[in-house]
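Here are a few exercises to work through. Take a look at the sequence and the model, then try each task before you read its solution.

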Amino acid sequence: KHTKENPMLYIGGIAVIAIVVVATLLFRLNSELKAREQASAYASALDIEDPMERMVALGEITKGSSKYLAEALYMQGHAALDSEDYETAEFAFSTLREKHPDFESTPDGVEGLGAIHEILGYYTAAIAVYNNIQAICPDPFAAPRPPFNIAPCLAQNDTETNALPSPHHHP
């Protein structure tokens, strides 16, 4: 009886339900398309052979809110290392460490920071970074390399500390 007296009320209710269902489906479809687009952009960037171009393409991904942000930062850092763009590599690895500490490759990214310091001759800073890897990843199987990275830095530091003064240097 109520439906006969107020048909517009029931039609309106059905219309609201239909709108909510359609909106939900469209939202899910949009999310799925966005995820596919992000995966495609990430895969395309990884396929680039030139490290500088790969670094730039991955950098575009890191500017947004991609599902692949942590992976893109990690790979961008390595592409930058390959390109000898240490500033970009340091930025990518530092951002990875700060914003994605639980990402499985973050210890390797932090190791990249140590490698940058080592390459630039900042052995004390490299040692500190390598020690930090052991602190953030205490599992020796997950981060087995820091002791092997620290040893050459200690040797270089010792060599520089104990080096003979230049014969041209007069205090």
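**Exercise 1.** Find how many aromatic pairs a search of the whole structure gives.

Solution. The search turns up 1 aromatic pair, where rings of Phe, Tyr and Trp (its six-membered ring) pair if their centres lie within 6.5 Å. Next, look at the geometry: the ring centres of Tyr42 and Tyr68 are 5.4 Å apart and their planes are at 5°, so this pair is stacked (planes under 30 degrees apart count as stacked, over 60 as edge-to-face and the rest as tilted). Then place the partners: Tyr42 sits in helix 2 (residues 7-47) and Tyr68 in the loop between helix 3 (51-62) and helix 4, so the pair ties together parts 26 residues apart in sequence. Helices here are DSSP runs (H or I) of at least four residues, numbered from the N terminus.

A word on the source: this is a predicted model, with local features needing pLDDT of at least 70 and side-chain atom pairs counting only at pLDDT 80 or more, while totals for chains, interfaces and linings use all residues. Residues are numbered from 1 along each chain as its sequence is written, and side-chain values use heavy atoms, leaving out hydrogens and water.

**Exercise 2.** Work out which residues Leu81 is in contact with, leaving aside its neighbours within four places in sequence.

Solution. Contact means heavy atoms within 4.5 Å. By that rule, Leu81 is in contact with Tyr86, Ala89, Phe93, Gly112, Ile116 and Ile119.

Conventions. Helices (H or I, at least four residues) and strands (E, at least two) are DSSP runs, numbered from the N terminus.
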